[in-house]
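Work through the exercises below with the structure in view. Try each task before reading its solution.

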Amino acid sequence: MNMNKEIAVQMHNLTETFKEIIEITVGYLYNDKNAEGIQLLSEMFDVILSNSTIKQLFPEDVKELAFRSAEIIELLENNDYVSVSDILEYQVLPIFRNWNNQLSSKETTTNN
């Protein structure tokens, strides 16, 4: 997908929001605010898995996030919030960091 600078900046901002959601969710799960954490996570995964731009830019990562989403749902059903937090911190967050790295390079190398 050919990406202009404006799209790269918007995607970068969205990815920063995803990272914040992960951090907030992990905090909720560690502080027994599970319903709030689950709601935030559900909305975030819905956006990621239904967004055509994200799917075009990061198809392999979207597949990985779909897998992680299903895994997280299963863990949540078993009230295994520690494992959910671990997956978010060590499997999902690095994906968003990678997106930001890729998007940052596109922001500086692409023209409108």
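**Exercise 1.** Is the crossing of α1 and α2 left-handed or right-handed? Then work out how the two helices run relative to each other.

*Solution.* This is a predicted model. Start with the handedness: α1 and α2 cross in a left-handed way. Next, take the angle. Helix α1 spans residues 5–30 and helix α2 spans residues 34–50, and they pack at about 155°. Their axes lie 8 Å apart. Angles over 145 degrees count as roughly antiparallel, so α1 is roughly antiparallel to α2.

**Exercise 2.** Find which residues of α1 and α2 meet, and sort them by class.

*Solution.* On the α1 side, the residues include Phe-18, Ile-22 and Tyr-28. On the α2 side, they include Asn-34, Leu-40 and Met-44. By class, this contact has 11 nonpolar, three polar and one charged residues.

**Exercise 3.** Describe the largest nonpolar core.

*Solution.* Count first: the core has 28 residues. Ile-22, Met-44, Leu-88, Phe-96 and Trp-99 have the most contacts inside it. Now trace the helices. At least two core residues come from each of α1, α2, α3, α4 and α5. Helix α5 gives the most, with 10 residues. Finally, look around Trp-99. Beyond its neighbours within four places in sequence, Trp-99 contacts residues including Thr-15, Ile-54, Phe-58 and Leu-65.

**Exercise 4.** Decide whether Lys-19 counts as buried or exposed.

*Solution.* Locate Lys-19 in helix α1. Its relative accessibility is 17%. The cut-off for buried is under 20%, so Lys-19 counts as buried. Now check its surroundings: leaving out residues up to four places away in sequence, Lys-19 touches Leu-93, Phe-96, Arg-97 and Asn-100.

Note on methods:
Residues are numbered from 1 along each chain as its sequence is written. This is a predicted model: local features need pLDDT of at least 70, side-chain atom pairs count only at pLDDT 80 or more; totals for chains, interfaces and linings use all residues. Side-chain values use heavy atoms; hydrogens and water are left out. Axes are lines fitted to C-alpha atoms, for helices over the stretch in contact, and angles run from 0 to 180 degrees between N-to-C directions. Helices (H or I, at least four residues) and strands (E, at least two) are DSSP runs, numbered from the N terminus. Angles under 35 degrees count as roughly parallel, over 145 as roughly antiparallel, 65 to 115 as roughly perpendicular and the rest as oblique. A crossing is left-handed if the near helix is turned anticlockwise from the far one by less than a right angle, and right-handed if clockwise. Contact means heavy atoms within 4.5 Å. Ala, Val, Leu, Ile, Met, Phe, Trp, Tyr, Cys and Pro count as nonpolar, Asp, Glu, Lys and Arg as charged, and the others, Gly among them, as polar. A nonpolar core is a set of buried Ala, Val, Leu, Ile, Met, Phe, Trp, Tyr and Cys residues joined through side-chain atoms within 4.5 Å. Buried means under 20% relative accessible area, exposed over 50%, partly exposed in between (1.4 Å probe, protein chains only).
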